[in-house]
Amino acid sequence: MVNASIITIGDELLIGQVIDTNSAWMAKELNTAGIPVVRRVAVGDVWNEIWKALDEESAHSDIILMTGGLGPTSDDITKELLCKYFDGKMVVDPASLAHVNYLFEEIFKRPITERNLKQAEIPDVCQVIQNKRGSAPGMLFSRKYPDQATPKIYISLPGVPHEMKGMMPAVLDAIRVRFELSHIAHRTLLTAGIGESMLADMIVDFENALPSHIKLAYLPNYRMVRLRLSASASQKEEMEKELDKHFLTLQQLVKDYIVTNTDEPLEAIVGKILLQKNKTLCTAESCTGGYIAQMITSVPGASAYYDGSFVTYSYKAKEDLLNVNKNTIVEKGAVSEEVVREMANGALKNIQSDYVIAVSGIMGPGGGTPDKPVGTVWVAIGKKGRLITQKFSFGFDRERNVISTAINALNMLRKFILADE
Ligand code: ATP
């Protein structure tokens, strides 16, 4: 099977200043196209390290994709290095030169410098992959090794994510011309309310009976577990049919815990249900500081069902914006069932949505007490006249507490709406 390695280049990736999202995105694209990624490597802008990475990945993969280090500054050495690695010499590429001139004259409207013009120089041993979104062209090299029937290919792309993404269709076309690809398919479902190990016990016989070309993966995240079946084969239709059959069995086995049998996030599922029922939602957030609103509005079209949020962090904001009674806060504490109930009722009264989510908790690292330790969260969800509350005890990590609160609140609401006629 044709496989790939990804090398991401840049000191910023190694010091943690920039998170390497390029390789994750490219791996997904390659996988969808039927090319498994077998290795991902990040290296600094260091000549020897890049060279070594190329040697090493050549021993593992048929396709080596690289991003980064194509810019006009002195720390960008990828182009020079590739020129040397493939025994080429630098020449001006007329199409790239015309494009750089066009970008500076028509788009950036800035005078062009020698440094910018150098972007149009490429090794004479590569094929250019046009970069419509930027000035650094992509480059494709190939090398035939004695023990290999098909030459390996090496593709270098800019590090800027949106430039790299714009070039990916051309990259995949160039790969398809050279290699016969298999088909890779996935089926994913999301479960809630059951831990990973209990799930594993529940489906142990199913898993053991799977043919070797179908793999099952467990992806636990914030008290929910995604199960993914993956298969690869040369016959697309047959493989899809077989995968569907096993996926159906899997769904039946875990039916009491399924949130969705698609690869969508929970906030999109909740959105779909609201849209289907023609209902609206508002939120009242204390400890999550708007995170739930952000999740909901990250789904395109959320305005059709989401009215908005009250981010009420202080006592005063809870009193002024949500009519929470000062005595309730003083007597029961801001993190209490009574306060989230009042927050939910206040939000419903002030926005008049059909459904509501209200949350209040102690996210940490400070602020915990013996009876309300860090990670204590109260959630209220429901509608006018009927609220359901639940207390959660998450962990000590602030970020995880925020995300766990949001996910569990959304899942409580999902179940409530589905049961609400
Ligand atoms: P340019 O020609 O535009 O300078 P380049 O090929 O030289 O592009 P880099 O200078 O390595 O690319 O990176 C440009 C920017 O792209 C970086 O500042 C960083 O924000 C982003 N970037 C680089 N590599 C990655 C990566 N692997 N994942 C996500 N972002 C990245």
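1. The side chain of Ser 286 reaches the backbone oxygen of Thr 312 at 3.4 Å. This is a polar contact (a pair of N or O atoms within 3.5 Å; within protein, one must be able to donate a hydrogen and the other to accept it, and residues adjacent in sequence count only if both atoms are side-chain atoms). Ser 286 sits in the loop that runs between strand S13 (281–285) and helix H12 (291–297). Helices (H or I, at least four residues) and strands (E, at least two) are DSSP runs, numbered from the N terminus.

2. On the basis of the note: the model is predicted, local features need pLDDT of at least 70, side-chain atom pairs count only at pLDDT 80 or more, and totals for chains, interfaces and linings use all residues. Residues are numbered from 1 along each chain as its sequence is written, and side-chain values use heavy atoms, with hydrogens and water left out.

3. Ser 286 has a relative accessibility of 6% and therefore counts as buried. Buried means under 20% relative accessible area, exposed over 50%, and partly exposed in between (1.4 Å probe, protein chains only). Leaving aside neighbours within four places in sequence, Ser 286 is in contact with Thr 312, Tyr 313, Lys 318, Met 343, Val 359 and Ser 360. Contact means heavy atoms within 4.5 Å.

4. The axes of helix H13 (residues 315–322) and helix H15 (residues 337–351) come within 9 Å and cross at roughly 40°. H13 is therefore oblique to H15. On the H13 side the contact is made by Lys 318, Leu 321 and Leu 322, and on the H15 side by Val 339, Glu 342, Met 343, Gly 346, Ala 347 and Asn 350. These residues divide into five nonpolar, two polar and two charged. For the terms used here, axes are lines fitted to C-alpha atoms, for helices over the stretch in contact, and angles run from 0 to 180 degrees between N-to-C directions. Angles under 35 degrees count as roughly parallel, over 145 as roughly antiparallel, 65 to 115 as roughly perpendicular and the rest as oblique. Ala, Val, Leu, Ile, Met, Phe, Trp, Tyr, Cys and Pro count as nonpolar, Asp, Glu, Lys and Arg as charged, and the others, Gly among them, as polar.

5. Gly 346, in helix H15, has 4% relative accessibility and so counts as buried. With neighbours within four places in sequence set aside, Gly 346 is in contact with Leu 322 and Asn 323. Gly 346 and Ile 292 are 54 residues apart in sequence and 17 Å apart in space, C-alpha to C-alpha.

6. Ile 296 lies in helix H12 and is buried, with a relative accessible area of 2%. Beyond neighbours within four places in sequence, the contacts of Ile 296 are with Glu 267, Leu 281, Thr 283, Ala 302, Tyr 305, Tyr 306 and Leu 410. The C-alpha atoms of Ile 296 and Asn 401 are separated by 18 Å, at 105 residues apart along the chain.

7. Thr 376 belongs to strand S16 (residues 376–383) and, at 3% relative accessibility, counts as buried. A polar atom of the Thr 376 side chain lies 2.6 Å from the backbone oxygen of Pro 373.

8. The peptide bond from Gly 364 to Pro 365 is cis, with omega near 5°; Pro 365 is in the loop between strand S15 (355–361) and S16. Asp 87 has a positive phi of about 55° although it is not a glycine, and Asp 87 is exposed, with a relative accessible area of 66%. Arg 223, also not a glycine, has phi near 65° and lies in the loop between strand S10 (214–221) and strand S11 (224–233).

9. Of the 20 residues around the ligand, Asp 20, Thr 21, Leu 70, Gly 71 and Gly 159 come nearest; a residue is near a molecule or strand if one of its heavy atoms lies within 4 Å of it. A ligand nitrogen is 3.1 Å from a polar backbone atom of Thr 21. A ligand oxygen is 2.9 Å from a backbone N or O atom of Gly 159.

10. For the protein chain overall, the secondary structure comes to 16 helices and 17 strands. Of its 421 residues, 49% count as buried.
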